[in-house]
Amino acid sequence: MKDPIVILGGGPCGLSCAWELAAQGWDVVVLEREPRPGGLCATNTFGEYRFDLGGHRFLSQNQELTSRILDLMGADMLVSERKSVVMHSGKRFAYPLSAPDLVENLGLGLNLKALLGYAGELIRRRISPRDESHFEGWVTARFGRPLYDRFFGPYTEKLWGIPPTQISSDWAAQRISLLNLGDAALRLIGLRRSPIRTYARRYYYPRLGMGQLFDRMASRMCREGGIIHLGADVTGLDVVGNRVKAVRYHVDGQEYLLPCSWVFSTISLPALARYIAPQSTNGVETAIGNLRSRALRFLNIPLDIPDFSENTWMYIAEPQYKMSRIQEPKRRSSEMVPQGKTSIMLEIPCSVGDKIWEADGNTLFQEMSLELRSLGYNIDSVALDHHSVWVEHGYPIYHLGYQHDRDTLLAEVAKMENVLTGGRQGIFRYIFLDTAMEMGIEAAHQIMQGSRNLKHIQSIRTEKALLEIDALTAT
Ligand SMILES: Cc1cc2nc3c(=O)[nH]c(=O)nc-3n(C[C@H](O)[C@H](O)[C@H](O)COP(=O)(O)OP(=O)(O)OC[C@H]3O[C@@H](n4cnc5c(N)ncnc54)[C@H](O)[C@@H]3O)c2cc1C
């Protein structure tokens, strides 16, 4: 009998691949390190309260994918509507940022400063153009120094943990929808009307949290003959020539060896490269060291009140706050909390091993309560408990030159005849969950056809016109 196809990681990408293969009658085994499937899209339960790893939404341009997901979920898929704000200097800005709202909230002084700053940039562009390869240069050239210093710079540094001069402008180009301040001003006075990238207000959300979708997908995949091993930590690959013969993994400290015909990896690209070539060249070693992720710590707080605010999420832009977002899970589905109660989920960017990552839960809770109070929310008498969740690979950090490092590692993967890589960690690309699923399905088709085209998986949804772009912020 042929060895099974082994999938590393049971998040949206790995599970979609496995489901597609199992549905077509192929032998497939998923190895997932966590005790539950879903990856970044899992939902954790604390008593009667449910929390995603940062609230997730499902939206896709791919009608076929959407129909499959709706069929899978049936009445358990809700259509929710978002309402979000950016909190800054004691003011609330509509989110996505809109020009009229900015003008009204910024006040005359800052509006004038912003316009002068932008005019200065227009002159500078002719005399000595800025280096736009990094985030700071790209944004300053388009929005002027005053807006960069006040909004874009501090939030970006808080989110990524490195100076914006070290962040590739790719990220800005992907995430900021207005062309420049001049474009925003023309829209404001009605002289420009062409559509900007659209912001979706409505989205799909499972009744019991995003994790419900992937629990169901895993069950369906198993019903169709696939296998998933949970708590299975992949620790190595047995490579002979240009083929992977078996995957090594640990469960409860015990090592297992699983022979394979193909490997589809959705674990981090540096980890995969290391398993393929434990002793590799200097270039590969450097790339492995350079490709890093921003981690996240979530503080989930059940509250003994019916409502916290009317917003699905609030962005906390100022750098003196450690939290970057406050989300209220009930705004996505009322079943995320018991009746008459609510909860909040605080998202705090950090790095593995730093003070936030290591902080004791009670200390962090005290600190975050103070931040909330200074934002105008006193939860002292209504907080019922608190639960921390840590995420190591939250956001791929697009450092300057990351493309070269990524290409170096993808070239290592390409040397293996029976290995494909995909997904957010596997391609080291800032993608949404629907794109991760599309990559998984594409990988399944390539495996079934016996034809490998890694570049095609990499390039899924790289088109400029994304369905939704969140200015300033990360998702
Ligand atoms: C805070 C936040 C909010 C987001 N919100 C949205 C949203 O609203 N909408 C949206 O579309 N997208 C959103 N995303 C993006 C979305 O989460 C990802 O695009 C999606 O989860 C990527 O799926 P994946 O399968 O590629 O990777 P992952 O979800 O990261 O799954 C990878 C899996 O591999 C497993 N793994 C890793 N190493 C090993 C190992 N050694 N052995 C075994 N298993 C291993 C992990 O445990 C994980 O389960 C958000 C992301 C974040 C961080």
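Glu136 makes contacts (heavy atoms within 4.5 Å) with Arg145, Tyr148, Pro164 and Thr165, leaving aside residues up to four places away in sequence. Glu136 sits in helix H4, residues 135-143; helices are DSSP runs (H or I) of at least four residues and strands (E) of at least two, numbered from the N terminus. Glu136 is buried, at 19% relative accessible area. Buried means under 20%, exposed over 50% and partly exposed in between, with a 1.4 Å probe and protein chains only.

The model is predicted: local features need pLDDT of at least 70, side-chain atom pairs count only at pLDDT 80 or more, and totals for chains, interfaces and linings use all residues. Residues are numbered from 1 along each chain as its sequence is written, and side-chain values use heavy atoms, without hydrogens and water.

The ligand is surrounded by 33 residues, each with a heavy atom within 4 Å of it. Glu32, His56, Arg57, Ile431 and Leu433 are the closest. The shell comprises 15 nonpolar, ten polar and eight charged residues. Here Ala, Val, Leu, Ile, Met, Phe, Trp, Tyr, Cys and Pro count as nonpolar, Asp, Glu, Lys and Arg as charged, and the others, Gly among them, as polar. Helix H14 contributes the most, three residues.

Polar contacts are pairs of N or O atoms within 3.5 Å; within protein, one must be able to donate a hydrogen and the other to accept it, and residues adjacent in sequence count only if both atoms are side-chain atoms. A polar side-chain atom of His56 lies 2.7 Å from a ligand oxygen. A backbone N or O atom of Val234 is 2.9 Å from a ligand nitrogen.
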